[in-house]
Structure formats: C-alpha cells, structure tokens
Amino acid sequence: MSSLLFRSAAMGGQVDNLQVILVVEDDHFIQSVVEESLTDGGFEIVIASSGKNALELLDASEGKYRALVTDINLRPGKVDGWDIARHAREIDPVFPVVYMSGKDADEWASKGVPNSIMLAKPFAPAQLVTAVSQLLNTQPPAA
C-alpha cells in the first residue's frame, strides 16, 4: 500500500484527498488488473483476498473507504461478495458497490444490493473505472 501512496504523491496528487476503494478479489491476476485500472483512474485501493478479511477491514474502516469492488465467488470460506456488500450497506446504507463475476451476474437482480453495478468478467478496465466513478458521482455529499 505504501507504494500506492508514493506513486500518487509522486504524480502530484494529494494523498489525503485520494478516494480509497476496498477491492475484494481472491485471484491474483484479477487483483493486479483491478489495481492498475483503479490507480490509473486516480483511486487508491486496499485489497482483501478473502470475504472474512473484507468484513474485518470494513468493520475497522471508520469511513475510510469510499466504495466497494467485490468478486462474488470467493474461496475459501463461507463469506461471498453478496455478504460483503450487505455488510457494507449495514454500515452505510448508500455505500457504492460494484460486483464482479464470471458466472453469477444473472443473480444480481435478486441477491445484489440496490443501486449497485454488476460487471460480468471479462470486462474492460475502463468499464471498472467508469462504474466506480458513476456510483461515487451519484452519492450525496459527505456530511
């Protein structure tokens, strides 16, 4: 994470003003694609590689995260992306959520949280940045 802060600061950005996105993905290749896409889009990211880790990060976040990008199917464990998004919405009812899935996109209407976005894998990196930006731009201003 320090390399992200360094890279952002070196690019002239204000580290304090970065929008931190929690990314939950257990596939290292997809983690790297998501990381590159979002950092190129001006975001700082924190990666959780399991559902349990994501819940712990959300509980300790104190409002640090501005959005959640989560894979739906996470291994190993019983916590999936649907659970993580519901937990994030318990903390903040309008928390922006972007789901990623290779096979469960059709369940989004019944299992996804309202006002979220589903990206079916494979997707273009620009689609991810656009989805996160769209959700952040439609959020009410922070109090």
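In this predicted model, the buried residues of helix α4 pack against β1, α3, β3, β4, α5 (108-111) and β5. The residues of α4 that are buried are Gly 81, Trp 82, Ile 84, Ala 85, His 87, Ala 88 and Arg 89. The strands β2-β1-β3-β4-β5, in that order, form an open sheet with parallel pairing, and α4 also gives the most residues, 4 in number, to the largest nonpolar core.

**Helix α4 and its aromatic pair**

- At the start of α4, a side-chain oxygen of Asp 80 comes to within 3.1 Å of the backbone nitrogen of Trp 82.
- A search of the whole structure finds 1 aromatic pair, and this pair is formed by Trp 82 and Tyr 99, whose rings are tilted, with 4.8 Å centre to centre and 55° between the planes.
- The pair links distant parts of the chain, since Trp 82 belongs to helix α4 and Tyr 99 to strand β4, 17 residues apart.
- Trp 82 counts as buried because its relative accessibility is 3%, which is under the 20% cut-off, and Tyr 99, with a relative accessible area of 0%, is buried as well.
- Ile 84, another buried residue of α4, is in contact with Val 24, Gly 51, Ala 54, Leu 55, Leu 58, Leu 68, Thr 70, Leu 74 and Val 79, when its neighbours within four places in sequence are left aside.

**Nonpolar cores**

- In soluble globular proteins, nonpolar side chains tend to be buried together.
- The largest nonpolar core here has 21 residues, and those with the most contacts inside it are Leu 22, Val 24, Leu 58, Tyr 65, Leu 68, Ile 84 and Tyr 99.
- Two or more residues of this core come from each of the elements β1 (19-24), β2 (43-48), α3 (51-59), β3 (65-71), α4 (81-91) and β4 (97-101).
- A second, separate core of 19 residues includes Val 23, Met 100, Phe 123 and Val 129.

**The sheet and the helices on it**

- The edges of the sheet are taken by β2 and β5 (117-120), each of which has a single partner strand, so one side of each is left without a neighbour in the sheet.
- Neighbouring strands of the sheet are turned against each other by 20° on average, direction ignored.
- Strands β1 and β3 run parallel and are joined by 5 bridges, and within this pairing the bridge partner of Val 23 is Val 69 in β3.
- Helix α3 lies across β1, β2 and β3 and runs at about 130° to β2, whereas helix α6 (residues 125-137) packs on the sheet by touching β1, β2, β3, β4 and β5, with a direction that makes about 175° with that of β5.
- Strands β3 and β4 also run parallel and are joined by 4 bridges, and Thr 70 stands opposite Tyr 99 in β4.
- In a regular strand the side chains alternate between the two faces of the sheet.
- Such a pattern can be followed along β4, where Val 97, Tyr 99 and Ser 101 point one way, Val 98 and Met 100 point the other way, and all are buried.
- Strand β4 is mostly covered, with 5 of its 5 residues buried.

**Two buried polar side chains**

- Asp 71 lies in strand β3 and counts as buried because its relative accessibility is 4%, under the cut-off of 20%.
- The side chain of Asp 71 makes a polar contact of 3.2 Å with the side chain of Lys 121.
- Beyond its neighbours within four places in sequence, Asp 71 is in contact with Val 24, Glu 25, Asp 26, Gly 81, Met 100, Ser 101 and Lys 121.
- Gln 31 has its place in helix α2 (residues 28-40) and is likewise buried, with a relative accessible area of 10%.
- A polar atom of the Gln 31 side chain lies 2.6 Å from the backbone oxygen of Glu 25.
- Not counting residues up to four places away in sequence, Gln 31 touches Glu 25, Asp 26, Ile 47 and Ser 49.

Definitions and conventions
Residues numbered from 1 in each chain as written. Predicted model: local features only at pLDDT ≥ 70, side-chain atom pairs only at ≥ 80, totals over all residues. Heavy atoms only, no water. Core = buried A, V, L, I, M, F, W, Y, C linked by side-chain atoms within 4.5 Å. Buried < 20%, exposed > 50% of the residue type's maximum accessible area, 1.4 Å probe, protein only. Contact = heavy atoms within 4.5 Å. Phe/Tyr/Trp six-rings, centres within 6.5 Å; stacked < 30°, edge-to-face > 60°. Polar contact = N/O pair within 3.5 Å; in protein donor to acceptor, adjacent residues only side chain to side chain. Pairing = 2+ DSSP bridges. Axes fitted to C-alpha atoms, helices over the stretch in contact; angles between N-to-C directions.
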